[in-house]
Structure formats: structure tokens, C-alpha cells
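Q: I am new to this structure and would like to learn how to read its features. Please take me through them one at a time.

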Amino acid sequence: VIDGVARLLPLTQDGAFALPSVVALEEGDRVAVGVEAKARLLVDPARTVIAPKRLLGRRAGSTQIRPWAARLPCSLLADANGDAAVAVGGAVYPMPELVSHLLAAAKASASEHLGREVQRAVLCAPAYFTHRQRRALLRAGELAGLEVLRIFNEPSAVALAYGHGRGLARKRVLVYDLGGGTFDASVVQITGNDL
């Protein structure tokens with residue numbers, strides 16, 4: 001919120017407001033994220049991880065993982081805690097580590113646009129995220145160098161952004177998310193700036 005108005009900050013160098021959830025683990029410990037990583041998917045799919053957020057905090061052998069395992073261009077296995085991880089170039093990468101690269105890119109972009117280092121953040125998670133998935137997201141934020149103040153449900157964040165400063169008197173709002181493979185719906189009651 002800048003001068004009382006919520007504003008979007010670009011997440012990429014070219015000014016885009018979306019960062020594709022793709023991480024490429026290149027030779028020599030170089031990591032590419034977003035659009036650059038998506039381009040690497042065509043060149044070196046075995047070193048590229050798509051949609052790590054979907055695997056975040058899930059057990060490696062769970063039924064929710066099986067459909068994704070077939071779609072991943074790299075090998076899916078369990079990390080030391082039994083959670084989903086990928087094997088790339090002989091190393092095992094837990095999902096919080098991969099998601100941290102995406103958060104670090106967002107942090108760097110926000111810091112550049114604000115003209116100061118971003119250190120704290122409120123992260124948003126899908127409403128269906130379990131406690132285990134939220135803990136993994138918190139870990140990813142910490143690995144990205146962020147102090148995570150709170151993890152907020154995405155539909156609640158949307159409703160809050162919509163209702164902020166409008167002085168709504170007891171409105172019920174249907175928030176739906178037609179994300180990349182999800183369909184979530186939440187009903188939120190807004191009274192003033194309260195949800």
C-alpha cells in the first residue's frame with residue numbers, strides 16, 4: 001500500500017506482474033526462475049522443475065503426487081523428511097528450496113522497485129493448503145531471506161484487496177480462483193475493512 005492505495009509491483013525485469021512457477025537448476029549451481037527457466041524447459045527438461053508449489057509440503061508417496069510425478073521432466077523422490085523432492089544432476093532438492101528461489105526473485109524485484117531491501121512479507125497460499133504445506137511455505141520464505149509475518153489464504157487476500165478503503169457495509173463476496181489446475185471458491189463477508 002503506497003499513499004493509501006494498493007499497487008501491484010512488477011515481478012520480472014520486463015515489468016510483468018506474474019512469475020511462472022518454474023525453476024531451472026543449471027550447471028555450476030546457477031538457478032534460473034520464471035520466464036528464463038520456462039525457456040530452459042525446452043532445452044534441458046531434466047534440470048527443470050515445473051510447478052514446485054503444487055508439490056510443496058506433500059509426502060513423496062501420497063496419492064496427490066502421483067499424477068504430477070508422471071508430468072515432471074525430472075525424477076521425483078523423497079527428501080530426508082519423506083516429503084516430495086526432485087533429483088537433478090545427482091543432487092536432491094527439497095521443494096521449499098526450489099520455491100525459495102521463486103520467492104527470492106520476487107523479493108529482489110520488489111526491493112528494486114521500492115528502492116529499499118524487502119525483509120518482511122505476508123505470503124499467500126491456496127485455501128486448501130494443509131498445515132504441513134504452510135510450514136513448507138514458511139520454510140521457503142525463510143530460505144529466501146524473508147521474515148514471514150503471516151501466511152494468508154489467497155481468497156482472503158483478494159477479498160481484502162477488493163474491500164480495502166471502499167467502506168463496504170456488510171457485503172458477502174464470492175471469490176473464485178481459476179488457477180493453473182485449481183478451482184477454489186470462498187465466500188467472504190466484508191464489513192468496512194474487516195473480513
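Q: Is Val187 buried or exposed?

A: Buried means under 20% relative accessible area, exposed over 50%, and partly exposed in between (1.4 Å probe, protein chains only). Val187 has 59% relative accessibility and therefore counts as exposed. The residue is found in strand β10 (residues 184-190); strands (E, at least two residues) and helices (H or I, at least four) are DSSP runs, numbered from the N terminus. This is a predicted model, in which local features need pLDDT of at least 70 and side-chain atom pairs count only at pLDDT 80 or more, while totals for chains, interfaces and linings use all residues. Residues are numbered from 1 along each chain as its sequence is written, and side-chain values use heavy atoms, with hydrogens and water left out.

Q: Which residues touch the most other members of the largest nonpolar core?

A: In soluble globular proteins, nonpolar side chains tend to be buried together. A nonpolar core is a set of buried Ala, Val, Leu, Ile, Met, Phe, Trp, Tyr and Cys residues joined through side-chain atoms within 4.5 Å. The largest one has 32 residues, of which Leu55, Leu56, Val86, Met95, Leu98, Leu103 and Leu137 touch the most other members. Helix α4 gives the largest share, six residues. Contact means heavy atoms within 4.5 Å; leaving aside neighbours within four places in sequence, Leu56 is in contact with residues including Met95, Phe129 and Leu137.

Q: How many salt bridges does a search of the whole structure find?

A: A salt bridge is a side-chain nitrogen of Lys or Arg within 4 Å of a carboxyl oxygen of Asp or Glu. The search finds nine. Glu26, Arg30, Glu36 and Arg40 are linked in a network of them: the closest N and O atoms are 2.8 Å apart between Arg30 and Glu26, and 2.6 Å apart between Glu36 and Arg30.

Q: Which parts does the pair of Asp83 and Arg59 tie together?

A: Their side chains meet in a salt bridge (3.4 Å, N to O). Asp83 lies in the loop between β4 (75-78) and β5, and Arg59 in the loop between α2 and α3, so the pair ties together parts 24 residues apart in sequence. Asp83 is buried at 13% relative accessible area, whereas Arg59 is partly exposed at 40%.
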